[in-house]
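Here are a few notes to read alongside the structure. Have it open while you go through the points.

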Amino acid sequence: MPLTRRRFLQFSAAGLAVASAGCQPPRLELQALEMANDSRLAEKARLARHKNRFLGYPVNMSTPPEAFFAWRRQLQETGLTRFAYNNVGNPYHHSPIPFNTHDFERELIENFAAVYAFPKDDVWGFLSHSGTDSNMHGMYIGRTLLKGQSGKLPKCYFTPEAHYSIQILTDLLGLERVFVGTLPDASMDPDDLARKVNANRDVPALVVATTGTTFKGAIDRVDAIKAALGNHPHYLHLDAALFGGYLPYTEDAEEVKHKQGRYDSIAVSCHKFFGFHSPAGIFITRHSTFETFNRLFSRVHTPEYIGHVPGTITCSRDAVKPAEFWFFSRPEDRPRQRQDAKHMLTMTDYLMAQMEAHFPHLRPVRAGQTSNTIWFRKPADWIVEKYSLATMTVKGTKHAHVVVMPHVDRQVADAFLDDLAQEHAA
Ligand SMILES: *Cc1c(COP(=O)(O)O)cnc(C)c1O
């Protein structure tokens with residue numbers, strides 16, 4: 001008997017009730033969806049069964065623990081998601097809109113600021129719409145501060161391995177780009193940075209370092225970059241969209257630690273390592289940096305309407321996500337994240353060893369022991385399709401990569417290796 005929409009809704013409500021009783025919720029709901037007579041929903045449910053095969057982009061496809069969903073339900077009971085909340089403005093300032101979650105937003109920023117070793121009493125940040133949005137705020141703050149100090153627009157330095165959002169943002173911010181060369185592992189070459197900065201000695205440098213480059217998984221080394229910049233006027237923004245989530249639990253933890261000014265601001269995506277269900281981004285800088293910025297920012301607009309200089313480029317901001325994502329910022333959640341980080345890197349070790357042993361013709365490359373990314377010659381299109389692999393032309397040859405996220409287990413890895421073997425045998 002086909003389910004009517006009404007019966008389907010009853011069915012999934014029953015599924016939720018079972019879920020809160022601690023049984024296995026996803027399977028029940030998926031069955032209900034597959035039986036639903038809405039073909040779009042049925043297709044989503046079918047796809048969801050194969051979500052763990054998603055290997056080509058840096059998204060954690062694991063379902064968060066049941067405690068997270070219990071927390072969401074608690075938030076819903078207070079009215080969040082049921083009527084309009086709004087986090088407009090600076091989360092550290094009184095808001096004229098009482099329906100906000102600035103309290104959770106501040107706490108999650110402070111929790112992550114501790115992970116990234118910011119000075120405890122000198123932290124500012126907010127939960128942005130995405131990694132790109134966090135990069136935009138970092139670059140805008142850097143541009144504003146450097147121009148405020150010198151009267152000159154900075155040039156923006158980054159490598160061709162940086163995420164494409166940086167190219168868009170330099171255009172948006174009207175900044176001249178200076179491409180910095182890379183070392184063999186695809187990380188920024190500090191000597192080339194020093195040369196290029198020297199060639200542009202009359203203008204300040206806005207440097208975007210990538211902690212975990214998008215296709216090759218390389219880490220631009222902060223200390224070497226700082227040494228190359230010396231006392232040339234600069235602002236250093238760290239784009240740690242993917243690696244920023246798990247690096248704190250690895251031997252490269254230092255790379256994301258602020259420690260009295262190794263970098264000026266950091267961007268981390270919430271939906272990548274953490275497996276948050278919807279795009280959002282962490283943005284953190286020092287409170288003192290923010291204050292100087294905000295004085296200059298107040299000159300470009302008149303925010304009397306909300307009673308304070310908002311501190312953010314975007315006005316209305318989501319109030320639901322900070323309250324939900326707060327769950328992942330709690331110190332109690334860190335052991336789980338540490339375990340996920342370890343699992344990812346162990347699985348990457350395994351996959352890399354297997355590929356090197358059995359498919360050397362694909363020339364697999366891993367930038368380093370803390371990278372979860374392996375790039376290699378592009379396999380057959382059906383494999384690219386089946387695992388949603390990202391592809392990229394490197395030195396004239398098509399390549400693909402896998403990004404090993406917490407949902408990738410031995411079963412998925414072996415299925416992928418079997419498919420590579422099948423292609424090789426064909
Ligand atoms: C994913 C990614 C981005 C973009 O982040 P979004 O959250 O997708 O906007 C920027 N930089 C790097 C290095 C990334 O991996």
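**Notes on the predicted model**

1. Strand 7 (residues 281–285) and strand 1 run antiparallel and are joined by five bridges.

2. Seven strands make up an open sheet in the order 1-7-6-5-4-2-3, and the pairing is mixed. On average, neighbouring strands here are turned by 20° against each other, ignoring direction.

3. Helix 7 (residues 164–172) packs on this sheet, where it touches strand 2 (155–158), strand 3, strand 4 (205–210) and strand 5 (234–239). The direction of helix 7 makes about 175° with that of strand 2.

4. Wondering how many disulfides there are? The count is zero. As for individual cysteines, cysteine 156 counts as buried because its relative accessibility is 0%, and cysteine 270 is buried too, at 0% relative accessibility.

5. Lysine 272 deserves a look. An unreviewed UniProt entry places the feature "modified residue: N6-(pyridoxal phosphate)lysine" at Lys272; such annotations may be inferred rather than shown by experiment. Lysine 272 lies in the loop between strand 6 (265–269) and strand 7.

6. Is lysine 272 buried or exposed? With a relative accessible area of 15%, lysine 272 is buried, the cut-off being under 20%. Setting aside neighbours within four places in sequence, lysine 272 is in contact with Pro58, Val59, Asn60, Ala241, Leu242 and Met405.

Key:
Residues numbered from 1 in each chain as written. Predicted model: local features only at pLDDT ≥ 70, side-chain atom pairs only at ≥ 80, totals over all residues. Heavy atoms only, no water. Pairing = 2+ DSSP bridges. Helix = DSSP H or I, 4+ residues; strand = E, 2+ residues; numbered from the N terminus. Axes fitted to C-alpha atoms, helices over the stretch in contact; angles between N-to-C directions. Contact = heavy atoms within 4.5 Å. Disulfide = S-S within 2.5 Å. Buried < 20%, exposed > 50% of the residue type's maximum accessible area, 1.4 Å probe, protein only.
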